[in-house]
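Here is a short tour of one protein model, meant to be read with the structure open beside you. We will go from confidence to cores, then to the sheet and a few backbone details.

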Amino acid sequence: MEGSFAELQNRVVQRGLCTACGTCAGVCPEGAIGWVYEDDEPLPELTGDCAGCGICSAVCPGEEVNMPALEQFVFGRTREENIPDLGLYRDARAGWAVDRAIRQHGAGGGLVTALLVYALERGFIDCALVAGFRRDQPWRTEAKLAVNRQQLLAAAQSKYACVPVNTLLSRAFAEGYRRVAVVGLPCHIHGLRKMQFCGQPASLARGVVLTVGLFCASQFYFEGTRHLLVERLGVDNLELIVSLSYRGGHWPGHLVVELKDGRRLLLDRHEYMYHHLMPAFKRDRCEMCVDWAAELADLSVGDFWDPQVRAGQALGASSCLVRSPAGEELLDGAVKNGYVETIPLEAARLAAGIGYELKKHAAAFRLRQRRRFGWPVPEYHRVIHYIPFARELHLAPETQQKTQE
Ligand SMILES: Cc1cc2nc3c(=O)[nH]c(=O)nc-3n(C[C@H](O)[C@H](O)[C@H](O)COP(=O)(O)OP(=O)(O)OC[C@H]3O[C@@H](n4cnc5c(N)ncnc54)[C@H](O)[C@@H]3O)c2cc1C
């Protein structure tokens, strides 16, 4: 049936195009969409009666995200097509939480958590949808609804396994929250903006008042984490784990696992990310995504890699692209009221990282290859020229010197 969940399943889920953002389940007026885990990866499934309203299909970012139309809708303007860039933004800052506990607990500078705490304590939002870990299986991620500072702090740091955050949209509204913030990867934000674009369900479309996007090179299969735990850390019984963090310990944070017998195991971030998860366990759908900097969010936040600062010797900081007036107002207010500190950031530096290369060049090229062979691909309505460009300008000073010699 057209517009039914069955159709979405055929067009998107069964063709490997689902991002597992959770929007379909979060908007279903019948509450009829749940989750099944295949190979430990979440897939939406029908758990009740489908009324065939078509809202799940309309909001799904799996098969189609009309970036130019959504950009026009969100920001009132669009940019020149075909140029790989960081999306529309009004300002670029590096920043961190003033509260030391939040800064230390964040993935970077705890900027996202500090902004949410500010928004919550000043009444701009009444809850935030974020990503945490399951209580019964603390090595598995899950979406969380946070309504206070403690819950936000508990959900800080990056989770490198899928979290269908948007699935909690209808629960938030059912529990009476009317001004909701959502933190998500580019695909979560795509789903939210599609929901707002089509204006359905109306209450949810109006009620999401703040979107904080994370820069995203890729999400990873949980199988990658399992391999790290068993092969690299020797934890072959996951039931022994009492806590897991992907960015635990000193900045920039490492894979830290605490076991029931009191042992604390640590695996270096660079090692597990660039020599394991990134080359081996990227989710296939992410290989086809061309949005790195969460281009449709109110505020987009990523790591801030200061070439002068060595790992373990400093507190972290976050990079932030301020995109919408709402995002700007929030960040300015948080600075004025002493929740966060910021400094100017040369945005072009962000394009020197591997994440940008993966999404704006490699994925754009990959889409072309897949189309050539008729493989299922998402349509972003933007043809991106992945022309190589020189990046010397953005190298660390000592590297520049070597290049000149
Ligand atoms: C899968 C993934 C890939 C990333 N790739 C890049 C990259 O290529 N380059 C880059 O600069 N930065 C990347 N980031 C962002 C970076 O790791 C930090 O999340 C970001 O800098 C914010 O740091 P913070 O200290 O300000 O946030 P924190 O204060 O630590 O707060 C982070 C917030 O994000 C939420 N969150 C964490 N993981 C997820 C998730 N999987 N889905 C939805 N919400 C989540 C948390 O619940 C929390 O609310 C990525 C993050 C993730 C999760």
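The protein chain has a mean pLDDT of 93, and 94% of its residues reach 70 or more; pLDDT is the predictor's confidence in each residue, from 0 to 100. Over residues 392-405, though, the pLDDT is below 50, and this stretch has 11 contacts in the model beyond near neighbours in sequence. Contact here means heavy atoms within 4.5 Å. Where pLDDT is low, the predicted coordinates should not be read in detail.

This is a predicted model, in which local features need pLDDT of at least 70 and side-chain atom pairs count only at pLDDT 80 or more, while totals for chains, interfaces and linings use all residues. Residues are numbered from 1 along each chain as its sequence is written, and side-chain values use heavy atoms, leaving out hydrogens and water.

The largest nonpolar core has 54 residues, and L129, L169, V182 and M195 have the most contacts inside it. A nonpolar core is a set of buried Ala, Val, Leu, Ile, Met, Phe, Trp, Tyr and Cys residues joined through side-chain atoms within 4.5 Å; buried means under 20% relative accessible area (1.4 Å probe, protein chains only). Helix α1 (residues 5-13) gives the most to this core, with 4 residues. Another core, of 30 residues, lies apart from it and includes I102, L111, L115 and L331.

Next comes the sheet. Its 8 strands form an open sheet with mixed pairing, in the order β5-β4-β6-β7-β11-β12-β3-β13. Two strands pair if DSSP finds at least two bridges between them; helices (H or I, at least four residues) and strands (E, at least two) are DSSP runs, numbered from the N terminus. The edge strands, β5 (141-146) and β13 (340-344), each pair on one side only. Inside the sheet, β11 (residues 299-303) and β12 (residues 318-322) are antiparallel partners over 5 bridges, with L299 opposite V322 in β12.

| Peptide bond | Omega | Loop holding the proline |
|---|---|---|
| Q200 to P201, cis | near -15° | P201: between α9 and α10 (202-207) |
| W251 to P252, cis | near 10° | P252: between β8 (241-248) and β9 (254-259) |

Finally, look at A294, in the loop between α12 (269-280) and β11. Its phi is near 50°, a positive value in a residue other than glycine. Why does A294 count as buried? Because its relative accessibility is 0%.

Methods
Buried < 20%, exposed > 50% of the residue type's maximum accessible area, 1.4 Å probe, protein only.
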